[in-house]
Amino acid sequence: MTQRVLLVDGMALLFRHFYATSLHNQFMYNSEGVPTNGIQGFVRHVFSAIKEIHPTHIAVCWDMGQETFRNEMFDGYKQNRPTPPAELIPQFDYVKEISQHFGFVNVGVVNYEADDVIGSLAQTYSQQNEVFIITGDRDILQCINTNVEVWLTKKGFNIYNRYTLDRFKEEYGIEPKQLIDVKALMGDSADGYPGVRGIGEKTAIKLIQNHQSVENVIENISTLTSLQQKKINNNIHNLHLSKSLAEIYTRVPIETEQLFKDMEYAHTLNDILSICNEHELYISGKYLASNF
């Protein structure tokens, strides 16, 4: 029987809603003085997704520290990111506690990013189930297949850029996995890896549409313009490195069979509102009571 699996990029939602409210200094402190603004947004966002998707299984995926195997490959990976604000730091552990109380399974594996965990679970579970991924990270688009949809956060709690396999292929003109090659060419300033200096997204997509892969671009470099040849030849090491960094690792060591059983989800609205009240998530509770 086909189940509906919801995989949530927990850190993406926490950061999104923290910064959306912190701009106005709305940190939503509880009675113990702990900020909860990111958590309150996380709660509302996940339950809005549950209402729309009706998942049978849920996992919230997390980064486990700043260092991963990619830092061993390239010490500049994600090193350009600022230190989290003081009001956000206590919410990192607290949001996982709240998530667990709601019956969501928290998943994180040391030395891997949340993206790698999501990619690994999506690849495994999509063999027999429908998988829906909620994230703000376009890199996850490489994980789309016939049974995997990616819903990119767009506005509020329930407006998304939804990508199915058909939509991705129509919009990009390539297969999802070829997004790795596109990112290798264009680089990623947010993640701090270089790609080929002077090649942007449009050119990168066109090159992969024409040549299918980075390796084929290099093999057929004589067919490119002289300027493109010069850019690639001057950045050949960065190109190979960037492809390795851009690829989401989909073989993270996870006991997926037992995890799938643990991910079964069945909470009532009364349970949810009681948990919100217990943890002083009054704004979330009011929102859920009005919308569910």
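Begin by selecting His-54, which counts as exposed at 56% relative accessibility (buried means under 20% relative accessible area, exposed over 50% and partly exposed in between, with a 1.4 Å probe and protein chains only). The model is predicted, so that local features need pLDDT of at least 70 and side-chain atom pairs count only at pLDDT 80 or more, while totals for chains, interfaces and linings use all residues. Residues are numbered from 1 along each chain as its sequence is written, and side-chain values use heavy atoms, with hydrogens and water left out.

**Two loop residues with positive phi**

His-54 sits in the loop between helix H2 (37-53) and strand S2 (57-61); helices (H or I, at least four residues) and strands (E, at least two) are DSSP runs, numbered from the N terminus. The phi of His-54 is positive, near 55°, in a residue other than glycine. Most residues other than glycine have a negative phi.

Asn-111 is not a glycine either, yet its phi is positive at about 85°. Its relative accessible area of 28% makes Asn-111 partly exposed.

**The two domains**

Colour the chain by domain: the assignment gives domain 1 (2-168 + 254-288) and domain 2 (172-244), with bounds that come from an automatic or database domain assignment. The C-alpha centres of domain 1 and domain 2 are 31 Å apart. To the contact between them, domain 1 contributes 15 residues and domain 2 contributes 18 residues, where contact means heavy atoms within 4.5 Å.

About 1500 Å² is buried between domain 1 and domain 2, and carbon and sulfur atoms give 54% of that area. Buried area here is the accessible area (1.4 Å probe) that two parts lose on being put together, summed over both.

Seven residue pairs are in polar contact between domain 1 and domain 2, both residues being at pLDDT 80 or more. A polar contact is a pair of N or O atoms within 3.5 Å; within protein, one must be able to donate a hydrogen and the other to accept it, and residues adjacent in sequence count only if both atoms are side-chain atoms. The side of domain 1 that touches domain 2 comprises eight nonpolar, three polar and four charged residues (Ala, Val, Leu, Ile, Met, Phe, Trp, Tyr, Cys and Pro count as nonpolar, Asp, Glu, Lys and Arg as charged, and the others, Gly among them, as polar).

How many salt bridges does the rule find across the interface of domain 1 and domain 2? It finds three, a salt bridge being a side-chain nitrogen of Lys or Arg within 4 Å of a carboxyl oxygen of Asp or Glu.

Select Asp-191, which is buried with a relative accessible area of 6%. Its side chain forms a salt bridge with Arg-81 at 2.8 Å, N to O. This pair links Asp-191, in the loop between H7 and H8, to Arg-81, in the loop between H3 and H4, 110 residues apart. Arg-81 is partly exposed, at a relative accessible area of 44%.

Asp-191 also meets Lys-78 in a salt bridge, at 4.0 Å from N to O. Lys-78 lies in the loop between H3 and helix H4 (89-101), so this pair ties together parts 113 residues apart in sequence. At 23% relative accessibility, Lys-78 is partly exposed.

**Helix H7 and the residues around it**

Now select helix H7 (residues 179-186), where seven of the eight residues are buried. These are Leu-179, Ile-180, Asp-181, Val-182, Lys-183, Ala-184 and Leu-185. They pack against helix H6 (165-172), helix H8 (201-211), helix H9 (214-219) and helix H11 (236-246). Gly-187, with a positive phi near 75°, follows H7.

Stay on Lys-183, whose side chain meets that of Asp-139 in a salt bridge (2.4 Å, N to O). Asp-139 belongs to the loop between S4 and S5, and 44 residues separate it from Lys-183 in H7. Which side of the burial cut-off do these residues fall on, buried or exposed? Asp-139 is buried at 11% relative accessibility, and Lys-183 is buried at 10%.

Gln-142 is in the loop between strand S4 (130-135) and strand S5 (148-155). With a relative accessible area of 1%, Gln-142 is buried. A polar atom of its side chain lies 3.2 Å from the backbone oxygen of Asp-139. Not counting residues up to four places away in sequence, Gln-142 touches several residues, including Leu-179, Ile-180 and Ala-246.

**Last stop: H11**

The buried residues of H11 are Leu-239, Leu-241, Ser-242, Lys-243, Leu-245 and Ala-246. They pack against helix H3 (69-73), H7, H9 and H10. Finish at Asn-235, in the loop between helix H10 (226-234) and H11. Asn-235 is buried, at a relative accessible area of 11%.
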